[in-house]
Amino acid sequence: MFDRTRGGWLAGLSVGLVSLVASASTAMAGMGQPSEKQMGMQTAVTEVAESIHAFHDLVNIIIFAITLFVLALLLWVIVRYNERANPTPSRFTHNTLVEVAWTVIPVLILVVIAVPSFKLLYLQYEFPKPDLTIKATGYQWYWNHEYPDQGGFNFDTIMLQDDERQALIAKGIPAPRLLAVDNEVVVPVNKVVHMLVTANDVIHNWTIPSFGSKVDAVPGRITATWFRVNQEGVFYGQCSELCGKDHAFMPIAVRVVKDDVFNAWTEAMKARDRNKAREIIQKAALEHARATKLAGGATGAPGPRELAQTAVK
Ligand SMILES: [Cu+2]
């Protein structure tokens, strides 16, 4: 019996340690996509995502503190009050101070959790005035993205096959498997973007982990999320509501670019010049890939600059 209990602690302790390492290794997290040996969340590039991470860290600290406290109490009871160490136990059944404490302290802990939790909810659902609105529609199994403010042009976003990815990679443009798409969503950096999300067949979900954005795409309804991305780059997500056999193959890619690149791209899209639009984005992608390669490595792993940014946080 004693051995089995000890096995339980060991299991609990190792789970705890693993989670501790996981939350500490956010610095290893990928920039806009999962990266090798990543254990924490993908790097946050919006205020909402940063707040989600901060809230996650706070709750994790509280969980660890409570778990260690309960573990210490258990150890104390087992060592100090076992039959051999304490042959004649006391017979009291009430202790007012302890009973008040174990009621009031958990309430206070919940209040400490509730305050930042509500703050985060307000941040997510109080939409600032938009600079740009995009409508995303989920289909089995791809996305369509529409720009109502820019004349209403729209395009399908379809996952690239391996040969198409190889063609991009040969040009020096990173194109990760299961994430790279033919037509990326393009948005300007540091601008408030409202995403209106719906679906045309079954429920899908429009998600970009680095933005802290995740909303269901429900047929016949518009749901919404917003983001303001604080740096250029490309940020990937995947449909996050089980939607059928190709659910795993309808990624989302958001390309964040400077204002002038965005304006040139929208002009080309308005003029229905898809080739020119693609050239503009590929050029931006190439420039970004070169800039991050200078800062990091060719592997797509976060470079020193990106790691330094996370470390500062
Ligand atoms: Cu889907």
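Predicted model: local features only at pLDDT ≥ 70, side-chain atom pairs only at ≥ 80, totals over all residues.
The chain averages a pLDDT of 87, and 84% of the residues score at least 70. Residues 1–12 stay under 50, and for that stretch the model has one contact beyond four places in sequence. Over residues 297–313 the pLDDT is also below 50, although this stretch has 29 contacts in the model beyond near neighbours in sequence.

As background, nonpolar side chains in soluble globular proteins tend to be buried together.

If we take Trp 265 and leave aside its neighbours within four places in sequence, we find it in contact with Val 186, Ala 277, Ile 280 and Ile 281.

That brings us to strand E4, residues 185–188, which is covered on both faces: Val 185 and Val 187 are buried on one side, and Val 186 and Pro 188 are buried on the other. E4 pairs with strand E10, residues 251–257, in the parallel sense and over four bridges, and within that pairing Pro 188 stands opposite Val 257.

Next, please find Ile 208, which sits in strand E6, residues 204–208. Ile 208 counts as buried because 25 other C-beta atoms lie within 10 Å, where the cut-off for being buried is 20 or more. Its contacts, again leaving aside neighbours within four places in sequence, are Ser 213, Phe 235, Gly 237, Ile 252 and Val 254. Ile 208 and Gly 32 are 176 residues apart in sequence, yet their C-alpha atoms are 8.2 Å apart in space.

I will finish with a hairpin. Strand E2, residues 142–147, and strand E3, residues 153–157, run antiparallel and are joined by five bridges; Trp 143, for instance, has Thr 157 in E3 as its bridge partner. Five residues lie between the two strands of this hairpin, in which Gly 151 takes a positive phi near 95 degrees.

Key: Residues numbered from 1 in each chain as written. pLDDT = per-residue confidence, 0-100. Contact = placed C-beta atoms within 7 Å. Buried ≥ 20, exposed ≤ 12 C-beta atoms within 10 Å, placed from the backbone. Pairing = 2+ DSSP bridges.
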